[in-house]
Amino acid sequence: MDRWLAVAGLLMLSACAGGPAPSVPLAERQIALLEMPGDPDWLVAGFGSMWVKRDDGNVVRIDPTSHELLATVDADITNPGLCQGIGSDETSIWACSGPDIVRIDPATNEVVDVVQAHKIYVQGRLVSAAGRVWILNGENGDRLVGVDGATLEAGDPIALDAACYDLAVGAGAVWAACPSSNLVLRIDPVSATVTARIEVESPYMVTVGADAAWAATPTGIARIDLDDHGVRSVAMESAPGGEAGIWADASSVWVRTADVFLIRVDVATLQIIEIITDPERGAGDVVGLDGSLWASDFINGRVVHLRVQAP
């Protein structure tokens, strides 16, 4: 049975509570900057590489050490035009072609399968759990469907009873951010049931760390406890909004924004501890790989590899 949860222990915090967070120019953390055509947007790490979904329909594979472009894969093979979405499972990279999802073999860098999954346009992260790749479909993302990574067969849709936008995987669950419904959902991928409905103000995106899930909201980010699902919020002057990226590692949550590039939040104190700035304003994604960060900027056509600490 679904558990309906109210917001517990809402606590508004900001950098002001501990003094202004230090501002660091992006150039001081930059390992490499790759100029890239085609509006690079969503990112995923896998098979020893960083993969970039460009808005022109291509998926680009980058060597994270040499920064060489290893392959450009035309993923938009069935429905030419802009589509959002990239992810990985144990054997493949997954991307989109219109409402279809496509499977890319990392051994050959070629599209080898197409699944008519009827994915909603806005879902940018294709996530995997319990042997399935999970996508949002239905009316405004109100259904969750798992596609078997081996047979490519879609399972029965899970009714979410909410209009959802983004997915994440962690703590044995699939998590859905549902902004117009003011909910983050926790779904058991094995039993195919919604196990928690957590009230969060307009959550655009969600990611999962060691002891919490984190959602990007219009005013900052929200921390969702993995045990009791209590919610605490971190207020930000430069809030992530609908074109943000969010990524959690062991000690920090990294929030990608168009205004200041990256905001770093300490997971223990919920304080904003660092703001990485860049004069070239542009939105995009952020993910971690091998102790460093990768960020995209689809406005200015860039992918940036950066250190989490000063050299």
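## Residue L69

L69 lies in strand β8; strands (E, at least two residues) are DSSP runs numbered from the N terminus. Leaving aside neighbours within four places in sequence, L69 is in contact with L34, V60, R61 and I62, where contact denotes heavy atoms within 4.5 Å. The C-alpha atoms of L69 and M50 are separated by 9.7 Å, and the two residues are 19 apart along the chain.

## Basis of the model

This is a predicted model, in which local features need pLDDT of at least 70 and side-chain atom pairs count only at pLDDT 80 or more, while totals for chains, interfaces and linings use all residues. Residues are numbered from 1 along each chain as its sequence is written, and side-chain values use heavy atoms, with hydrogens and water left out.

## The sheet containing β8

Strand β8 belongs to an open sheet of four strands with the order β5-β6-β7-β8 and antiparallel pairing; two strands pair if DSSP finds at least two bridges between them. Because β5 and β8 (69–74) stand at the edges with a single partner strand each, one side of each is left without a neighbour in the sheet. Neighbouring strands of this sheet are turned by 20 degrees against each other on average, direction ignored. The angles run from 0 to 180 degrees between N-to-C directions of axes, which are lines fitted to C-alpha atoms.

Strand β7 (residues 58–62) is joined to β8 by five bridges, and the two run antiparallel. V60 stands opposite T72 in β8.

## The sheet containing β26 and β27

An open sheet of five strands has the order β3-β28-β27-β26-β25, with mixed pairing. Its edge strands, β3 (23–25) and β25, each pair on one side only. Within this sheet, β26 and β27 run antiparallel and are joined by six bridges; R256 has L262 in β27 as its bridge partner.

## The β19–β20 hairpin

β19 and β20 form a hairpin with four residues between them, and A192 in the turn has a positive phi of about 60 degrees. Six bridges join β19 (residues 183–188) to β20 (residues 193–199). L185 stands opposite R197 in β20.

## Nonpolar cores

A nonpolar core is a set of buried Ala, Val, Leu, Ile, Met, Phe, Trp, Tyr and Cys residues joined through side-chain atoms within 4.5 Å. The largest such core has 29 residues, of which V59, W214, I221, V253 and V265 touch the most other members. Strands supplying at least two residues each include β5 (40–46), β10 (93–97), β26 (252–257) and β27 (261–266). β22 gives the most to this core, with three residues. A second, separate core of 18 residues includes L160, A162, L167 and L183.

## The largest pocket

The largest pocket has a volume of about 440 Å³. On a 1 Å grid over the protein atoms alone, a pocket is an open set of points where a 1.4 Å probe fits, with protein on both sides within 12 Å along at least five of seven lines; lining residues have an atom within 4 Å of a point. Of the 21 lining residues, V44, R125, V127, V169 and W247 are the closest to the centre of the pocket. The largest share of the lining, four residues, comes from β13.

Key:
Buried means under 20% relative accessible area, exposed over 50%, partly exposed in between (1.4 Å probe, protein chains only). Grid points are joined across faces, edges and corners, and a volume is the space filled by probe spheres set on the points.
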